[in-house]
Amino acid sequence: MGETITTLNTFELLAIPALPLLAALLAGFFGWFLKEKVTHCITSGAVIAAAILSVDVFVQVFNGASFYGNFWTWMASEHFIVAVGMMIDPLTVAMMVTVTVVSACVHLYTIGYMHGDPGYSRFFAYISAFTFSMLVLVMGNNFFTLFFGWEAVGLFSYLLIGFWFKREAANYAALKAFIVNRVGDFGFLIGVLAVWYYFGTVDYHEVFAATVGFVTEGHTLSFLGWEMDAITFICLALFVGAIGKSGQVPLHVWLPDSMEGPTPISALIHAATMVTAGVFMVARLSPMFEFSETALAAVIIVGAITAWMCATIGLVQNDIKRVIAYSTCSQLGYMFVACGVSAYSAGIFHLMTHAYFKSLLFLAAGSVIHAVLANQDIRKMGQLRKYMPITYITMFIAALALSGIPPFAGFWSKDLIIEATMVRDMGWVSELAYWALLSGVFMTAFYTFRMFFLTFHNTDRVDPKIKPHLHESPKVMTIPLMILAVGAFGSGLWGVYVLDIANPEVINGFFRDSLFVLDAHNPLLKLELEEHHPFFMTLPFWLAIAGISLAYGFYFKESAMPAKLAATFPRLHDFLLNKWYWDELYEKIFIRPTQCLGQMLWQKADLAMIDKGIVHGGIIDSVASGAAKLRRMQTGMVYHYAYGMVIGVFGLLTWLLLKG
Amino acid sequence: MESLYNVLGFPILSLSIFLPTAGALFIWMFLKDDMAVRWAALAVSVATFIVTLPLLLFFDATTAHMQFEELHPWIKAFNINYALGVDGISMPFVVLTSLLTVICIVSAWTCIQTRVKEYMLAFLILETTLIGVFCALDVVLFYFCWEAMLIPMYLIIGVWGGKNRVYATLKFFLYTLGGSVLMLIAIMAMYFKTGGSFSVLAYMDYPFNFDWQFWIFLAFFIAFAVKVPMWPFHTWLPDAHTEAPTAGSVILAGILLKMGAYGFLRFSLPMLPDASQYFVPFMVFLSLIAIVYVSLVAMMQTDLKRLIAYSSIAHMGFVTLGTFMFTEIALEGAVFGMISHGFVAAALFLCVGVLYDRMHTREISAYGGVANVMPVFAVVMMFFAMANVALPGASSFVAEIMVLLGTFNPSSEAMLYMPFSMKWVAILAATSVILSACYTLWMVKRVLMGDLVKDEVKTLSDMNLREFSFFAPLIVLVIWLGLYPAPVLDLLHVSVAHLVDQATSSKLADAALIAQGAAAHLTGH
């Protein structure tokens, strides 16, 4: 157990997760008799307070403070000791501020969005409890608090996706999300087991301190005859967890379906916070990942494939939320590539800017959906800018940020990732990633503006019946949009110029020693030292402009081009529209075979073989037939019995005599 | 006679064993009215629960010695004693039994309307035998309670059970009886081998040679494996569960299954360490089957109780897996898993009972959208479903993670006969993370979620206060032990460490010495 090191107020730190938790408990248990207004005041108030405290802690940490300490021993057995404690450093506070600020905006927004829903207080209880879990995840000081938060956010994600439990699709999506996440958690759990096995502790400080020595000792383990470094095994297993939670290939299938949940949670959980937990985890564990080239390469490959593939799917989707959802998968891929090329600070920077502009995109989309009465099909929208100017402008800002147009937030962080990938030389792996990310930039700009133009420009295709209903959302929804728009606009500039995130001269810039990068890996340092042709440095920008222009040509006004293009390549179009057929594939290779196997084991092995075959056929029948034979011996004739007795006595005597 | 270790200086174990029977006698002789019987049975069970609480309070967690001991000669001719005592491994089960009995009696308050008196009597007598099993330090007494328990259980399923109850009871009875016969043979063998002792502690110290250990282990194995139940002796359990009345299922899942696993801990490991080590690969194999195969079977069930029964078997797979790793963490995980499963599985059966009382069907397809009309119930059931999935924060998570940690890093004795690294076993066992989520949450989806389309479901009423009252303590316990398991683990540490010591020290050297001594003795003539 490490010593408590603190220059921060423990009480303040504890209050940050405790406030949302208490609010959630109040809203959850007493929501049924509290008025709507009381519920949302309690929960929103608590989360806003947590956000203010987080900002305060952020400022203190920015000025050099930190915290490390345990509060209580969760369990102890033999050498296995796990405590509940916190570790507050720049990485933690960056996450804390992101989580609480977005959560506070979402809480406010929800007041308008969920107004009149029968599950109003339940919803607030869930999102506050989610905020608590997410804070535990980022603030914990060991692998178990991480795992606790990890599972708890998964639970609330499940509950919130299935929030409208009357809808079959929502229930299905919730189940899918939970199970697919559990596949990731399986890997995570094994990673944690391996950490304890090899390091004898699960405490971050102790594990990180021991890693260098551990690597030089050169532990290996063989997996099906394949020898691998223990550190690689640990990192890969943990990364499986990140793949699940952050919607990366091949476990990305749950994230687009999670859009069945109410839109505020899509913004909070499935864009800004929970899905970024995987990126956070890789960055948090950078002192381990740095020592495994294989694991880093795996992170890059998975991230690059996801970034590219989900962007292609996003090109043709017609559900406004699904476009943004695929975009989320894709952007998370960018963050993973950043971590994989050891530009962790760039990855976390993109995580922060993305949290603002993506939650803004979602909330603006929610505002649109709210206006057009729960229709999510962008083919039935158009010209909405006339009715909802604030939503229009804020979404425009978010779209520019996502596309990577300077000076909006996404430009700074995405550009940094692409440049870092360009200079980090890892053979074909980094080459592949570089081109995947570059083409991704073009596609991102295209699908974002496709969605944007189809929604707000183009021709008016809104169902005439709901025309009279069209209106701008109430203030309680538009104010959070405006707050987030500030973030979507300025968080990039702020990160670069105030926090000095990209400065390689100070180690990891703002993040100091909370991130660990080997000098030989550091791409940001290399970027600073080497000269690069301006063409490559500005290429992402021009690609984004090209994407937007193409979307402008296709969708700003009604055009026959998109349909013509789809008709020319019908197979490709179907392939993308059906999301590369991942769901169908999984149905065929996992779901059905598992069900068949279960059915077979039950019917064939349990019932037919054990029950009917052995128990009935073997034991019961032979007992029954044996008993029937024995019964025949009970003839009722005395001489039969006497005869039997004589034989018996003889037998016994013989046995006794022989035994001596 | 050595001095007895009993800090209370008062036969508290006897009191907790016989109080239910005494109460049963009183009810049988003096009470007629159903309501009076119910209240009296409740009073007796609560009194028993209160009597068992000092066990927790005055338990000395710093020693592995048996505590609250009692010893009286019973049948002197055969050296059979009435010997009682508990250590950290058995004591929690005594308290668990007395707690679950109270819950059983409350849960049967309205749903049992015929032969109420006999029902309550059966439960109280069952409680006596169950506590007896966990306290007995004399093998004959143990065997007596082990067998006597069958009768009330047989009656509970056979008289108050469902449509197919005769088949289920017969199967239950034959299976367990078949196992018990072998156990009796094993006990006789040990009696003669040790030169006429029935003392559990004497058996632990006696150096059996390997052949004896081998055969006795096998005989015990079948008796215990039927009870746990382990594959392929498990098919009686789903039938027994489906046909049993709710409270019967609760006691079956909560306590009866633990007797098998307890048998391994009390008999196989300490008495037969070498055979236990020899059978590790076999036990690991069966445990993995329970975790993977049975989970897959659970997934496909269409009957609620059958699903939870299979899920019970899968979770008991973790218990047997942890038992045979011979490390403190794994064994503590196994014991903790039994306690936790006692809460979670019991609560899930109670949930089914709440539904069954209203709808009189266990078919999953008959439900759907229950959350619309029974919101409080939905929250409770969701809670226990998540506990069944072993989410962190629930007691079941603590148990599972400890067993997995122990399996990842087993003692060298557990590895003596293992053909491959136990890490792969841990990884296979960890698939439970996925599988348990599949069957539990799919069930939740089909029962609780969805719109109200079925007319029968539309008229359901939410849980009443009585029903909530028996869930409340279970919820508190599951969360408390999940967030702060230390107090219970503290009770286990020393006893489990002692058990690990027993299970990892070979008896063969001593056995060889004895054999040589015997040979010298023979040649001397």
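This is a predicted model: local features need pLDDT of at least 70, side-chain atom pairs count only at pLDDT 80 or more; totals for chains, interfaces and linings use all residues.
Two residues lie between β2(A) and β3(A), so that the strands form a hairpin, and within its turn A:E78 has a positive phi of about 55°.

## Overall build of chain A

Chain A contains 25 helices and five strands, and its C-alpha trace spans about 110 × 65 × 55 Å along the principal axes. Of its 660 residues, 57% count as buried. Where contacts in chain A join residues at least 6 apart in sequence, 80% of them link residues that are at least 24 apart.

## Overall build of chain B

Chain B is made up with 24 helices and two strands, and the C-alpha trace of this chain extends over about 85 × 60 × 40 Å along its principal axes. A compact globule of 525 residues would have a radius of gyration near 24 Å, and because chain B has 23 Å, its value agrees with that expectation.

Burial and contact order can be described for this chain as well. Among the 525 residues of chain B, 60% count as buried, and 82% of the contacts in chain B with a separation of 6 or more are accounted for by residues 24 or more positions apart.

## Helices α1 and α2 of chain B

Helix α1 (residues 12–30) and helix α2 (residues 34–58) of chain B pack with their axes 9 Å apart and at an angle of about 175°. Since an angle over 145 degrees counts as roughly antiparallel, α1(B) is therefore roughly antiparallel to α2(B).

On the side of α1(B), the contact is made by B:I12, B:L15, B:S16, B:L19, B:P20, B:G23 and B:I27, while the residues contributed by α2(B) include B:V37, B:A40, B:A41, B:V44 and B:V51. By class, the residues in the contact of α1(B) with α2(B) comprise 13 nonpolar, five polar and no charged.

## Helices α9 and α11 of chain B

In chain B, helix α9 (residues 210–227) and helix α11 (residues 246–271) have axes that come within 7 Å and cross at roughly 155°, which means that α9(B) is roughly antiparallel to α11(B).

From α9(B), the residues B:F217, B:F220, B:A223, B:F224, B:A225 and B:K227 take part, and they meet a set in α11(B) that includes B:L256, B:L257, B:M259, B:G260, B:G263 and B:F264. The contact of α9(B) with α11(B) has 10 nonpolar, three polar and one charged residues.

## The contact between chains A and B

Where the two chains meet, 39 residues come from chain B and 39 residues from chain A. On the side of chain B that touches chain A, at least two residues each are supplied by α13 (280–299), α15 (328–359), α18 (395–408), α19 (422–430), α20 (432–447) and α23 (486–504) of chain B. Of these contributors, α20(B) gives the most to the side of chain B that touches chain A, with seven residues. By class, the residues on that side of chain B divide into 29 nonpolar, six polar and four charged.

Note on methods
Residues are numbered from 1 along each chain as its sequence is written. Chains are lettered from A and ligands numbered from 1 in the order in which they are written. Axes are lines fitted to C-alpha atoms, for helices over the stretch in contact, and angles run from 0 to 180 degrees between N-to-C directions. Helices (H or I, at least four residues) and strands (E, at least two) are DSSP runs, numbered from the N terminus. Angles under 35 degrees count as roughly parallel, over 145 as roughly antiparallel, 65 to 115 as roughly perpendicular and the rest as oblique. Two residues are in contact if their C-beta atoms, placed from the backbone, lie within 7 Å. Ala, Val, Leu, Ile, Met, Phe, Trp, Tyr, Cys and Pro count as nonpolar, Asp, Glu, Lys and Arg as charged, and the others, Gly among them, as polar. The radius of gyration is taken over C-alpha atoms; the globule rule is 2.2 Å times the number of residues to the power 0.38. A residue is buried if 20 or more other C-beta atoms lie within 10 Å of its own, exposed if 12 or fewer, and partly exposed in between; C-beta atoms are placed from the backbone. Two strands pair if DSSP finds at least two bridges between them.
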